[in-house]
Amino acid sequence: MSDDARPLLLVLPGSEHLGNDLAATLGAEIGRLALRAFPDGETYVRLDTAPDGRSVILLCSLHEPDRRLVPLLLVAATARDLGARRVGLVAPYLAYMRQDARFRSGEGVSSRYVGRLLSSAIDWLVTVDPHLHRHRSLDEVYAVPATAVTAAPAIAAWLRREVRAPFLVGPDGESAQWVRAVASAADAPFVVLDKVRHGDRAVDVSVPRIDGWRDRTPVLVDDIISTATTMAETVRQLRGAGLPPPICIGVHAVFAADAERVLRDAGAGRVVTCDTIAHPTNAIDVSALLAPVLRGHLG
Ligand code: R5P
């Protein structure tokens with residue numbers, strides 16, 4: 001059995017940008033992991049650092065999840081098979097949280113199924129601002145101890161540094177939880193709009209009276225920027241009401257297809273995201289928020 005008492009951090013593809021900082025703050029060793037595709041597309045896994053007897057942390061942000069989930073499950077299973085004491089997952093972006101109900105008959109509730117799948121492979125989970133809407137907590141979805149860290153303090157600190165007199169706008173009811181927390185920490189006023197979604201790329205957003213805040217800088221805050229339809233429509237409405245280009249802040253820079261262009265074409269000002277998913281718009285670091293919670297799970 002390995003006599004190395006340090007946690008072993010295994011960094012999966014797409015999360016390399018967070019690996020060194022996390023390893024340094026946790027005093028973890030970054031393990032050597034070989035992952036490649038066989039010619040037939042199946043995934044080959046090899047751990048070149050022995051995990052036996054050690055606490056293993058898998059770092060895997062789950063954007064584009066369908067190509068990340070199988071390698072993640074295989075690495076987790078390999079670590080367990082080779083004697084890891086515990087295997088935890090840090091998924092700064094946790095996918096499949098938005099299909100959280102059966103909206104039309106016959107639909108699958110993917111959040112629950114993916115939660116069940118991952119829970120079978122790991123001993124604990126830490127993530128950042130998961131999309132909790134119809135599920136009130138991760139415990140409704142995950143069978144293992146799961147902690148949601150919020151990026152709100154880091155976003156508020158960025159706002160205090162970078163933006164004079166912000167006024168925060170949440171594009172829909174779901175965003176209220178993030179906007180309220182950021183507004184309170186940044187000591188800024190906020191408003192939450194009404195959104196009606198008609199399809200993947202079709203939403204209506206209604207803007208209430210905003211006359212009282214015309215001398216402030218509008219800042220949109222949402223958890224996920226995916227197709228950017230939500231933010232782009234909100235930007236159009238605010239611009240139409242005579243406001244300057246709003247700063248757009250997303251926790252998770254999913255940016256599907258041409259989403260960033262869609263947002264800029266709508267008239268957005270600066271676009272800023274947290275580094276839960278590596279993207280050129282990353283300006284807010286979340287690794288410092290993760291470390292204390294991870295220490296709790298490592299025991
Ligand atoms: C939905 O409720 C979320 O909070 C986001 O507003 C949504 O996921 C954004 O998606 P999109 O960028 O595709 O409009």
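The points below take the ligand, then its pocket, then a further pocket.

1. The model is a predicted one, and local features were taken only where pLDDT is at least 70. Side-chain atom pairs count only at pLDDT 80 or more, which bears on the contacts in point 3.

2. The shell around the ligand holds 15 residues. Those that come nearest are Glu174, Asp222, Asp223, Thr227 and Thr230. By class, the shell divides into 7 charged, 5 polar and 3 nonpolar residues.

3. For glutamate 174, a side-chain N or O atom is 2.7 Å from an oxygen atom of the ligand. The corresponding distance is 2.6 Å for the side chain of aspartate 223, and 2.6 Å for that of threonine 230. The ligand taken alone exposes 370 Å², of which the protein buries 96%.

4. Which elements give two or more residues to the shell around the ligand? They are strand 11 (194-199), strand 13 (217-224) and helix 6 (229-240). Strand 13 gives the most, with 3 residues.

5. The ligand sits in the largest pocket. About 1100 Å³ of space lies in this pocket, and 37 residues line it. Closest to the centre of the pocket are Arg98, Gln99, Arg197, Asp200 and Ser226.

6. The lining of the largest pocket divides into 13 charged, 12 polar and 12 nonpolar residues.

7. The second largest pocket has a volume of about 200 Å³. Its lining consists of Leu12, Pro13, Leu35, Arg36, Ala37, Thr43, Cys60, Arg67, Arg68 and Pro71. Which element supplies the largest share of this lining? Strand 3 (residues 33-37) does, with 3 residues.

8. The lining of the second largest pocket divides into 6 nonpolar, 3 charged and 1 polar residues. For the ligand shell, the corresponding counts are 3 nonpolar, 7 charged and 5 polar.

Notes. Residues numbered from 1 in each chain as written. Heavy atoms only, no water. Near = heavy atom within 4 Å. Polar contact = N/O pair within 3.5 Å; in protein donor to acceptor, adjacent residues only side chain to side chain. Areas by Shrake-Rupley, 256 points an atom, 1.4 Å probe, with all protein chains shown as cover. 1 Å grid on protein atoms, 1.4 Å probe; cavity = no way out; pocket = protein on both sides within 12 Å on 5 of 7 lines; lining within 4 Å. Sits in = over half its atoms within 2 Å of the grid points. Helix = DSSP H or I, 4+ residues; strand = E, 2+ residues; numbered from the N terminus. Nonpolar A, V, L, I, M, F, W, Y, C, P; charged D, E, K, R; others polar. Points joined across faces, edges and corners; volume = space filled by probe spheres on them.
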